Amino acid sequence: MSVNTPAPTPSVWKQPAQVWAVAFACVVAFMGIGLVDPILPAIAETLQASPVETELLFTSYLLVTGLAMLVTSWISSRIGAKATLLIGLALIVVFALLCAVSGSVDAVIGFRAGWGLGNALFISTALATIVGAASGGSSAAIVLYEAALGLGIAVGPLLGGILGEQSWRGPFFGVVVLMAIAFLAVLVLLRGPGEKRTPVRFSAPFTALRRPALAILAIAALFYNIGFFVLLAFSPFPLGFGAMGIGFTFFGWGVALAVTSVWVAPVLMRRMPRTRIILIVLPLLALDLIAAGLLVGSATALVVCIVIGGLLLGVMNTVLTEAVMEATDLPRSVASSAYSAVRFLGGAMAPPIAALLWHAFNATVPYLFAATAVLIAALTVFLGRRVLAHIDDEPADAAAEDAAAILVGDAA
């Protein structure tokens with residue numbers, strides 16, 4: 001009598017070359033998030049820029065990324081994933097190079113905006129490409145994407161610190177080389193023909209925000225992102241470290257974020273409703289930001305608060321990802337575009353506002369501003385909990401596959 005044994009589950013790490021090509025490009029793209037962190041003080045000093053002007057490096061990048069997210073699904077649905085990926089990578093190479101050779105902070109700010117356009121085109125398409133090509137299904141693709149996200153976020157500040165020790169231009173040249181390699185890998189290894197294209201209406205992301213559940217989560221994410229980017233983009237200034245010190249600090253932040261995003265958040269979601277996790281973690285993040293503000297005079301204490309913040313941010317990123325995908329029955333790319341566009345606005349406004357508050361008052365006030373924004377995010381979710389009740393009905397394991405496209409919105 002024969003016994004039917006289940007077929008072994010394919011290893012997540014045994015993937016076609018085209019999957020690894022896109023995954024490598026994802027790592028480099030996500031490195032760009034924290035790459036400029038260690039060189040912010042050096043850029044301010046060398047280019048004689050104020051902290052507010054320097055923080056606009058984040059604003060131009062994130063604002064254009066967010067606005068471009070509204071049209072990336074429309075573009076990729078017409079020209080195809082491979083063409084969209086290659087255009088995005090090419091734009092990043094060109095504008096990172098222009099940043100590296102710039103002679104003024106205004107030029108760098110402008111070229112970072114172009115970088116943001118390329119980043120939006122690439123990251124909005126990358127996960128869907130990995131999902132379509134990976135062996136082992138969507139769950140395996142998500143693990144690979146999260147691993148790339150975590151590795152890129154962690155390594156970006158460290159590489160920025162190492163290259164930034166030589167010159168503030170070094171990290172930009174580093175991105176040019178790595179992204180050029182990624183471009184060639186995608187060009188050679190990713191198979192373009194044969195993909196099925198389903199055109200998306202231009203207005204789809206705009207009308208998506210009329211859905212109450214998606215609108216509530218997008219507004220909450222906007223305020224949450226203010227806290228995220230005050231911690232990430234403002235903290236290099238009060239830390240007072242050199243490029244390597246800032247790089248190592250945010251390497252620890254990135255590792256903490258990656259660990260909780262990939263391993264801790266899924267465990268929590270198997271045990272608690274998503275809205276409950278959000279309403280627990282956001283107040284904890286606000287307390288961490290308040291502590292950072294009160295202890296800002298101690299570099300050691302601020303480093304500890306930054307790393308703890310990374311742990312909490314990792315949980316929030318993953319939980320918000322799955323919550324958004326469960327909020328509506330919209331196509332993944334449409335929900336991703338609408339949510340990400342609103343969320344990035346918070347990231348775009350936070351750094352220069354933090355610098356202005358620092359200049360007008362002291363280094364404590366920007367963190368209190370960030371904490372207030374995070375509490376507003378928690379209040380938004382609390383007041384809208386009845387509208388969001390359905391996102392807690394489906395088990396986390398079943399929702400994991402649907403969360404694929406929104407992960408991109410939590411990367412930057």
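Predicted model: local features only at pLDDT ≥ 70, side-chain atom pairs only at ≥ 80, totals over all residues.
## Overall make-up

The protein chain holds 16 helices and 0 strands, and of its 412 residues, 57% are buried. Its accessible surface comes to about 15600 Å², and carbon and sulfur atoms account for 69% of that area. Among the contacts in the chain with a separation of 6 or more, 88% are between residues 24 or more positions apart.

## The nonpolar core

The largest nonpolar core has 122 residues, and those with the most contacts inside it are Phe172 and Trp253. Helix 9, which covers residues 212-234, supplies the largest share of this core, with 17 residues. As general background, nonpolar side chains tend to be buried together in soluble globular proteins.

When residues up to four places away in sequence are not counted, Phe172 touches Val36, Ile39, Ile43, Ala96, Cys99, Ala100, Val108, Arg112 and Trp115.

## Helix 3 against helix 4

Helix 3 (residues 51-79) and helix 4 (residues 81-100) pack with their axes 6 Å apart and at an angle of about 125°. Because of this angle, helix 3 counts as oblique to helix 4. On the helix 3 side the meeting residues are Ile75, Ser76 and Ile79, and on the helix 4 side they are Ala81, Ala83, Thr84 and Ile87. By class, the residues of this contact divide into 5 nonpolar, 2 polar and no charged.

Gln48 has a positive phi of about 50° although it is not a glycine, whereas most residues other than glycine have a negative phi. With a relative accessibility of 75%, above the 50% cut-off, Gln48 counts as exposed.

## Helix 12 against helix 15

The packing of helix 12 and helix 15 (residues 364-383) has an angle of about 170°, and the two axes are 8 Å apart. The two helices are therefore roughly antiparallel to each other. From helix 12 the contact is made by Ile278, Leu279, Leu282, Pro283, Leu285, Ala286, Leu289, Ile290, Ala292, Gly293 and Leu294. From helix 15 it is made by Thr364, Tyr367, Leu368, Ala370, Ala371, Val374, Leu375, Ala377, Ala378, Val381 and Phe382. The contact of helix 12 with helix 15 has 20 nonpolar, 2 polar and no charged residues.

## Two residues of helix 12

Helix 12 spans residues 274-294 and includes Leu284, and Asp288 is also found in helix 12. Leu284 is partly exposed, since its relative accessible area is 42%, and this value lies between the limits of 20% and 50%. Although Leu284 and Leu375 are 91 residues apart along the chain, their C-alpha atoms are separated by 9.6 Å.

Asp288, by contrast, is buried, with a relative accessible area of 7%. Its contacts, leaving aside neighbours within four places in sequence, are with Cys305, Ile308, Gly309 and Leu312. Asp288 and Val307 are 19 residues apart in sequence, and C-alpha to C-alpha they are 10.0 Å apart in space.

## Two residues of helix 13

Leu302 has its place in helix 13, which runs over residues 299-327, and Thr318 is found in helix 13 as well. Leu302 counts as buried because its relative accessibility is 0%. Leaving out residues up to four places away in sequence, Leu302 touches Ser235, Pro238, Leu239, Ala292, Leu295, Val296 and Tyr367. One of these, Leu239, lies 63 residues from Leu302 along the chain, and the C-alpha atoms of the two residues are separated by 7.2 Å. Two other partners of Leu302, Ala292 and Tyr367, are also among the residues that make the contact between helix 12 and helix 15.

Thr318 likewise counts as buried, at a relative accessibility of 3%. When its neighbours within four places in sequence are left aside, Thr318 is in contact with Glu146, Ser261, Ala265 and Met269.

Key:
Residues numbered from 1 in each chain as written. Heavy atoms only, no water. Axes fitted to C-alpha atoms, helices over the stretch in contact; angles between N-to-C directions. Helix = DSSP H or I, 4+ residues; strand = E, 2+ residues; numbered from the N terminus. Parallel < 35°, antiparallel > 145°, perpendicular 65-115°, else oblique. Contact = heavy atoms within 4.5 Å. Nonpolar A, V, L, I, M, F, W, Y, C, P; charged D, E, K, R; others polar. Buried < 20%, exposed > 50% of the residue type's maximum accessible area, 1.4 Å probe, protein only. Areas by Shrake-Rupley, 256 points an atom, 1.4 Å probe, with all protein chains shown as cover. Core = buried A, V, L, I, M, F, W, Y, C linked by side-chain atoms within 4.5 Å.
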